[in-house]
Amino acid sequence: MQLSESKISRIFEFGRSAAKAQSPDEVVKRTFETLKEIGRVDSLRVVYLFDHSVWQEWRMSGKRTSTSQSDTWFEPEKKGTTIYFDSSNTQIGYLTVSPKAASLVTAANMLSPAVWNGLLLQSALRRVQRAAKLETGMVRAALRAREEERLRIARELHDDVGQSMASLKLSLKWAEDVARGRGGLQDVIDELAGSREAVALMIGKVRDLSHTLYPKILDTLGLSAAVKELTLQIGNSSGMEVTCNVTGRERPLQREIGLALYRCCQESINNVLRHANASRLSIEVHYGDREVRLTVEDNGRGFNPRALYDSSGKMMSSGFWTIRQRISDLGGAFSLSTAGGQGTVVEMIVPFSARENNGRRKNKNTNSR
Ligand SMILES: Nc1ncnc2c1ncn2[C@@H]1O[C@H](COP(=O)(O)OP(=O)(O)OP(=O)(O)O)[C@@H](O)[C@H]1O
Ligand SMILES: [Mg+2]
C-alpha cells in the first residue's frame with residue numbers, strides 16, 4: 001500500500017519528534033496521534049521492556065488510555081496487526097494496531113523503528129537519571145560523614161589532647177618552680193622553661209588545627225563572625241588586601257547552612273590563595289529577606305570556566321563540584337563569574353529555610369565574564 005507524500009512526511013516528522021519526547025508516555029501518545037492522522041485507528045497497544053526486567057504496556061483508543069507494568073511478558077493479542085521492534089528478539093517489545101487496514105499497517109511498519117528508538121532513548125535517560133541520583137546521594141552521605149569525622153577529631157584534639165597538654169604545661173611549671181625554690185639547678189630550670197614554651201606552642205597549633213577542622217565560633221557567634229575571623233587570618237598571613245563586609249539584617253542561621261557556607265568560603269579563599277595570584281580579596285555576607293548570600297571576589301588572573309567541565313558537560317573539578325553540591329543540597333544557587341585576566345567572583349545563595357526549599361532552586365549557569 002502506497003502512502004501519500006504528506007503522510008510519509010508526517011511519519012518522518014514523527015521520527016524527529018519521538019527523539020525529543022520528555023517521557024515514554026509522550027512517545028506513545030505521539031505515535032497514536034500520528035497514526036490517527038494517517039487513517040482511522042481503533043486502538044494502539046505498545047509493549048516495551050525497560051531495564052531488561054519490567055515490561056510496560058500502553059493501551060490507547062479513542063476513549064481511553066491505560067498503562068500497566070509487569071515483570072512478565074505481555075503476550076500480543078490476535079486482534080489487530082502486531083509489529084515487533086526487533087524480529088530476532090520479540091520480547092523487546094512491539095506495537096499492535098487495529099483495524100487491519102492496509103494504510104494503517106504500512107504506517108505502523110514505517111513508524112515502529114522510530115517508536116523503538118524513542119523508547120530506547122527514554123530508558124537510557126532513565127538509567128542515567130537513576131545513576132546521577134545515586135551518585136548525588138552517595139556524595140551527600142560522604143560529605144556528611146566527612147563533617148562528622150572532622151567534628152569528632154576537632155573535639156578530641158581540643159578537649160582531649162588540648163587538655164592533656166595544658167596539664168603537662170602546668171606540671172612543667174610546677175617542676176620549674178620547685179627547682180627554682182631549691183636553688184642551684186639553673187640548667188634544669190632552663191630545660192623545664194624551654195619544654196614549657198614548646199608545649200605552649202604545641203597547644204596553639206592543636207587549637208588552630210581543631211579550629212580549622214571545625215570552627216566552634218560558627219556555633220557561638222555565627223557565620224559572619226567565623227568568616228570575619230577567617231579573613232583576618234588570611235589578611236595577616238597572605239599579604240593580600242582582604243576585606244570582609246556584612247550587610248543586611250544579620251540573623252542566626254540553621255547550623256547546616258552556616259557550616260556549608262563556611263566550608264564553601266574556605267574553599268573559595270583557598271582557591272584564591274592557590275590559583276589567583278591576586279592582590280585583593282573581598283568577601284561579602286549579605287542577609288536578605290529570605291536568603292543569605294556569600295560572595296568571594298578576587299582581582300587575580302581569572303580562568304576559563306569551561307575548563308571545569310568534561311566533553312559531556314560534567315563538572316570535573318572537585319573543589320567547585322563540592323561547593324555546588326553543598327549549596328544545591330540546601331536548595332540554594334551557586335554561580336561563578338570569571339575570565340582570563342579579569343578576576344573571579346564566586347557567589348553562593350542559600351534560602352534561610354533550607355529544608356523546605358531543598359532541591360527546588362536550580363544552580364545558575366557558570367558565566368564567562
Ligand atoms: N580564584 C581563582 N583564580 C584563578 N583560578 C581559579 C580560581 N579558583 C579556581 N581556579 C581554577 O579553577 C580550577 C578548579 O578549582 P577547584 O577548586 O575546583 O579545584 P582545585 O583547586 O584545582 O583542586 P581542589 O579544590 O580539589 O583541591 C583550579 O585548578 C584553577 O585552575
Ligand atoms: Mg580548590
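1. The largest nonpolar core has 35 residues, and Leu-261, Cys-265 and Met-348 have the most contacts inside it. A nonpolar core here is a set of buried Ala, Val, Leu, Ile, Met, Phe, Trp, Tyr and Cys residues joined through C-beta atoms within 7 Å. Buried stands for 20 or more other C-beta atoms within 10 Å of a residue's own, exposed for 12 or fewer, partly exposed for in between, with C-beta atoms placed from the backbone.

2. A word on the basis: this is a predicted model, where local features need pLDDT of at least 70, side-chain atom pairs count only at pLDDT 80 or more, and totals for chains, interfaces and linings use all residues. Residues are numbered from 1 along each chain as its sequence is written, while chains are lettered from A and ligands numbered from 1 in the order in which they are written.

3. Back to that core: α6 (223-238), α7 (255-276), β7 (280-287), β8 (291-298), α8 (318-329), β9 (333-338) and β10 (344-351) each put in at least two residues. Helices (H or I, at least four residues) and strands (E, at least two) are DSSP runs, numbered from the N terminus. The largest share, 10 residues, is from α7.

4. Beyond its neighbours within four places in sequence, Met-348 touches Leu-261, Cys-264, Leu-294, Ile-323, Ile-327, Gly-332 and Phe-334. Contact is C-beta atoms, placed from the backbone, within 7 Å. A second, separate core of 26 residues includes Phe-14, Leu-44, Leu-104 and Ala-108.

5. Now for the open sheet: 5 strands, antiparallel, ordered β3-β2-β1-β5-β4. At its edges sit β3 (65-70) and β4 (81-84), each pairing on one side only. Pairing takes at least two DSSP bridges between two strands. β1 (residues 43-50) and β2 (residues 54-61) share 8 bridges, and Leu-49 has Trp-55 in β2 as its bridge partner.

6. Helix α2 (residues 24-38) packs on this sheet, touching β1, β2 and β5 (93-98), with its direction at about 150 degrees to that of β1. Axes are lines fitted to C-alpha atoms, for helices over the stretch in contact, and angles run from 0 to 180 degrees between N-to-C directions. Helix α3 (residues 102-182) lies across β1, β4 and β5, at about 145 degrees to β5.

7. Which residues of α2 are buried? They are Pro-24, Val-27, Val-28, Arg-30, Thr-31, Thr-34, Leu-35 and Ile-38. Seen down the axis of α2, these fall within an arc of 160 degrees (taken from the directions from the helix axis to the C-beta atoms), so they line one face of the helix. They pack against α1 (5-20), β1, β2, β5 and α3.

How values were computed
Two residues are in contact if their C-beta atoms, placed from the backbone, lie within 7 Å.
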